[in-house]
Amino acid sequence: MAVSASPTPQPRLELNVPDLDLTIGMRLDVEGNPELCAAIRAMLPLKSLFGHVVISGDGIWLPSRLVYMGKPVMVTRTVGSVYLNAPGQSICLTYGAITETAVVNEFAHVEDDSLAALKSVGDAVWRRTVTDPVRRSVLGILREAKD
């Protein structure tokens, strides 16, 4: 009798936003972008403040100390894309409208059940860093998920 091996669980990350009491789950694309996934995992945990893009649409970013010189795997971004902007050393998440066509070096994707939380974080970062005259930073902590 043949025993089928169960699939290896896909590694996950969690982005905790304590100020909003929200956690965003995401799946790493270790098959599609293994080199970048390894670099991201090697720098975790990352504790950083959020910024909001002002040109490319509904996107937020976390500055990092990662200097990635590896091969990029460029794809079209979608809602839920998690990618590295290497020139800015930032980890970006797309939570809504995309207003530019540039491809991105995606390494993870937000899980469907976390898209509403991602939208809430994006809206909060927009208000607190762009439209609110009393600016407040939003802290995010990216770490390995414990399944």
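1. In this predicted model, strand S5 and strand S8 (residues 90-98) pair in the antiparallel sense over 6 bridges. Within this pairing, Ile-60 stands opposite Leu-93 in S8.

2. S5 (residues 57-63) also pairs with strand S4 (residues 51-52), again in the antiparallel sense, over 2 bridges. Here His-52 stands opposite Ile-60, the residue that also stands opposite Leu-93. A hairpin of 4 residues joins S4 to S5.

3. The loop between S4 and S5 is the place of Val-54. Val-54 has a relative accessible area of 67% and is therefore exposed. Together with Ile-55 and Trp-126, Val-54 makes a nonpolar surface patch of about 340 Å².

4. Overall, the protein has 2 helices and 10 strands. Read along the sequence, these elements follow the pattern β-β-α-β-β-β-β-β-β-β-α-β.

5. On dimensions, the C-alpha trace spans about 65 × 30 × 25 Å along its principal axes. Buried residues make up 45% of the 147 residues.

6. What is the count of salt bridges? The count comes to 7 salt bridges. Three of these pairs are described in the points that follow.

7. Glu-14 and Arg-143 meet through their side chains in a salt bridge, at 3.6 Å from N to O. This pair links distant parts of the chain: Glu-14 is in strand S1 (residues 12-17) and Arg-143 is in strand S10 (residues 139-144), 129 residues apart. Glu-14 is buried, with a relative accessible area of 18%, whereas Arg-143 is partly exposed at 32%.

8. Arg-128 forms a salt bridge with Asp-19, and the closest N and O atoms are 2.2 Å apart. Because Arg-128 lies in helix H2 (residues 115-131) and Asp-19 in the loop between S1 and strand S2 (22-28), the pair ties together parts that are 109 residues apart in sequence. Arg-128 counts as buried at 13% relative accessibility, while Asp-19 counts as partly exposed at 40%.

9. A further salt bridge is formed by Arg-27 with Glu-111, where the closest N and O atoms are 3.0 Å apart. The partners are 84 residues apart and link distant parts of the chain, with Arg-27 in strand S2 and Glu-111 in the loop between strand S9 (104-110) and H2. Arg-27 counts as partly exposed at 32% relative accessibility, and Glu-111 is buried at 13%. Salt bridges that share partners join Arg-12, Arg-27 and Glu-111 into one network.

10. The structure holds 0 disulfides. Cys-37 is in no disulfide, and the nearest cysteine sulfur, that of Cys-92, is 15 Å away.

Terms used. Residues are numbered from 1 along each chain as its sequence is written. This is a predicted model: local features need pLDDT of at least 70, side-chain atom pairs count only at pLDDT 80 or more; totals for chains, interfaces and linings use all residues. Side-chain values use heavy atoms; hydrogens and water are left out. Two strands pair if DSSP finds at least two bridges between them. Patches are made of residues with over 30% relative accessible area and no salt bridge: like charges are joined within 9 Å, nonpolar side chains (Val, Leu, Ile, Met, Phe, Trp, Tyr) within 5 Å. Accessible areas come from the Shrake-Rupley method with a 1.4 Å probe; for residues, only the protein chains shown count as cover. A salt bridge is a side-chain nitrogen of Lys or Arg within 4 Å of a carboxyl oxygen of Asp or Glu. Buried means under 20% relative accessible area, exposed over 50%, partly exposed in between (1.4 Å probe, protein chains only). A disulfide is a pair of cysteine sulfur atoms within 2.5 Å.
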